[in-house]
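Here's a friendly walk through one protein model. Take a look at the sequence and the fold before reading on.

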Amino acid sequence: MAETGIHVLPKTGAEAAKQGTLASFKDFVVVEVLNDDPMAKYIALLGRFEGRDEVAVLLLNRKPFNKDSLSSLVGEGLELQHDFVNDIYSKYVGKPPPEHATVTVDLIYPATEKHVRKYRQQRRRMVKETPEMYEGIILPYILSYPPAALQWVYNVLEKKKEVDRLIFEDPDPQLGFMLHPDLKWDQQQVDQLYCLAIIHRRDVPCLRSLDLTHLELLENIRDKGCKAIQDKYGVPANSLRIFVHYPPSYWHFHVHFVHAAFAAPGTAAGKAILLDDIIDNIKIFGKDYWRQRTLTYQLGEADDMWKLLGGAV
């Protein structure tokens with residue numbers, strides 16, 4: 001073959017990371033362990049690619065056991081190292097075959113200071129946000145939220161990204177939404193199901209924005225989202241926990257669909273509010289219920305909202 005005179009230089013780790021084409025982390029340098037949860041088998045790392053000043057946040061999670069291939073795990077493929085034995089009890093350290101030793105890898109690059117604060121271990125506080133605090137402090141904060149922080153959401157809604165992950169779409173501009181598997185779920189274990197519905201409208205940032213005019217939207221998300229999950233995964237509506245976060249991790253209204261058997265992060269009191277409760281409270285107490293009531297929730301001390309509210313709570 002004739003020489004063309006054109007040589008394609010290999011991508012650096014940083015370039016591959018920005019394009020989503022990383023093959024390894026060979027030139028990634030860990031700067032700090034942001035968080036480490038032995039029970040959840042999770043670690044969050046702060047690092048840099050060699051030769052770059054931009055920082056990255058790297059999240060590693062052990063994948064759940066695949067119950068459909070246990071024979072390859074509990075067999076001769078599991079190498080054992082004896083630890084101790086006492087009467088009928090014995091303990092070993094096992095090295096599983098490769099298909100049972102994988103981790104999920106989530107990379108945020110380049111990461112902002114807000115990303116770093118979000119994943120760094122921090123003291124948690126309970127906040128009682130009154131309607132006055134929302135109107136005077138939080139709403140101005142939401143209105144100043146930089147559009148660039150929502151670009152990934154708009155990429156999804158405009159089908160520039162994650163098109164192959166789409167489970168269902170209602171394209172109606174007022175009542176419609178898109179349903180995707182959340183990145184927390186590997187789409188293998190149905191009892192670990194975690195999906196996310198993102199509305200097409202861009203004028204509803206959060207729970208506090210909801211009133212009687214949004215009831216049809218909320219019921220549409222619940223009913224069509226449940227049907228789509230039933231049709232695709234065989235999980236009935238009564239096996240789903242459907243909720244909204246307040247405060248949300250980003251200010252564009254979205255709804256979480258999680259299998260009832262899955263104790264997922266963010267499903268506890270102080271963070272999650274059931275969608276059925278949101279709908280019923282609007283119907284019973286009127287259009288301004290969620291704007292008029294005091295909301296109690298958890299914040300980390302490094303969160304921007306805690307810094308805004310700290311002197312008021």
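What follows covers the ground rules, the sheet, the helices and the cores.

## Ground rules

This is a predicted model, where local features need pLDDT of at least 70 and side-chain atom pairs count only at pLDDT 80 or more, while totals for chains, interfaces and linings use all residues. Residues are numbered from 1 along each chain as its sequence is written, and side-chain values use heavy atoms, with hydrogens and water left out.

## The sheet

Let's start with an open sheet of 6 strands, in the order S8-S9-S10-S12-S11-S13, with antiparallel pairing. Strands here are DSSP E runs of at least two residues, helices are H or I runs of at least four, and both are numbered from the N terminus. Two strands pair if DSSP finds at least two bridges between them. At the edges sit S8 (168-170) and S13 (272-274), each pairing on one side only.

S12 (residues 254-259) is joined to S10 (residues 194-199) by 5 antiparallel bridges, with Tyr 194 partnered by Val 258. S12 also pairs with S11 in the antiparallel sense, over 4 bridges, and there Leu 240 stands opposite His 259. S12 is mostly covered, with 6 of its 6 residues buried (under 20% relative accessible area, using a 1.4 Å probe and protein chains only). His 254, His 256 and Val 258 point one way, while Val 255, Phe 257 and His 259 point the other.

H6 lies across S8, S9, S10, S11 and S12, at about 40 degrees to S9. H7 (residues 275-285) lies across S11, S12 and S13, at about 60 degrees to S13. Axes are lines fitted to C-alpha atoms, for helices over the stretch in contact, and angles run from 0 to 180 degrees between N-to-C directions.

The axes of H6 and H7 come within 10 Å and cross at roughly 155 degrees. The two helices are therefore roughly antiparallel (an angle over 145 degrees). Residues in contact (heavy atoms within 4.5 Å) include Leu 218 and Arg 222 of H6 and Ile 278 and Ile 282 of H7.

## The cores

Which residues have the most contacts inside the largest nonpolar core? They are Tyr 246, Phe 257 and Ile 278, in a core of 63 residues. H6 (residues 215-233) gives the most to this core, with 8 residues. A nonpolar core is a set of buried Ala, Val, Leu, Ile, Met, Phe, Trp, Tyr and Cys residues joined through side-chain atoms within 4.5 Å.

Beyond its neighbours within four places in sequence, Ile 278 touches Leu 207, Leu 210, Leu 218, Val 244, Ile 273 and Trp 290. A second, separate core has 11 residues, among them Leu 34 and Tyr 42.

Conventions
Buried < 20%, exposed > 50% of the residue type's maximum accessible area, 1.4 Å probe, protein only. Parallel < 35°, antiparallel > 145°, perpendicular 65-115°, else oblique.
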